[in-house]
Amino acid sequence: MNLAGHITELRRKHESLARTIEEEQRRPAMNDLELSRLKREKLKLKEEIVRLSPAIH
């Protein structure tokens, strides 16, 4: 997979996590630990996207 494809895949995962986080926040019995884990994972993906993006421009 080339770099642009990798970044596209990271963005797809980031968006999927965003949806999962929104769904988790709507639950009446929200799991705070799981929500925190998902948010950390989403942030790591975002940081990786930002780090790699200048390399393709």
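**Ground rules.** I number residues from 1 along each chain as its sequence is written, and I use heavy atoms for side-chain values, with hydrogens and water left out. Since I work from a predicted model, local features need pLDDT of at least 70 and side-chain atom pairs count only at pLDDT 80 or more, while totals for chains, interfaces and linings use all residues.

**Entry 1, Glu-24.** I found Glu-24 in helix α1 (residues 3-26); helices are DSSP runs of H or I, at least four residues, numbered from the N terminus. Glu-24 is buried at 10% relative accessible area (buried is under 20%, exposed over 50%, partly exposed in between, with a 1.4 Å probe and protein chains only). Leaving out residues up to four places away in sequence, I see Glu-24 touching Met-30, Asn-31 and Leu-35 (contact: heavy atoms within 4.5 Å). A polar side-chain atom of Glu-24 sits 3.1 Å from the backbone nitrogen of Asn-31.

I counted six, taking a side-chain nitrogen of Lys or Arg within 4 Å of a carboxyl oxygen of Asp or Glu. In helix α1, Arg-26 and Glu-22 lie four residues apart and pair at 3.8 Å, N to O. Arg-26 is exposed at 62%, and Glu-22 is partly exposed at 41%.

**Entry 3, helix α2.** Arg-51 and Glu-48 are three residues apart in helix α2, about one turn. Salt bridges with shared partners join Glu-34, Arg-37 and Glu-41 into one network. The Glu-41 to Arg-37 bridge comes to 3.0 Å, N to O.

Key:
Helix = DSSP H or I, 4+ residues; strand = E, 2+ residues; numbered from the N terminus. Polar contact = N/O pair within 3.5 Å; in protein donor to acceptor, adjacent residues only side chain to side chain.
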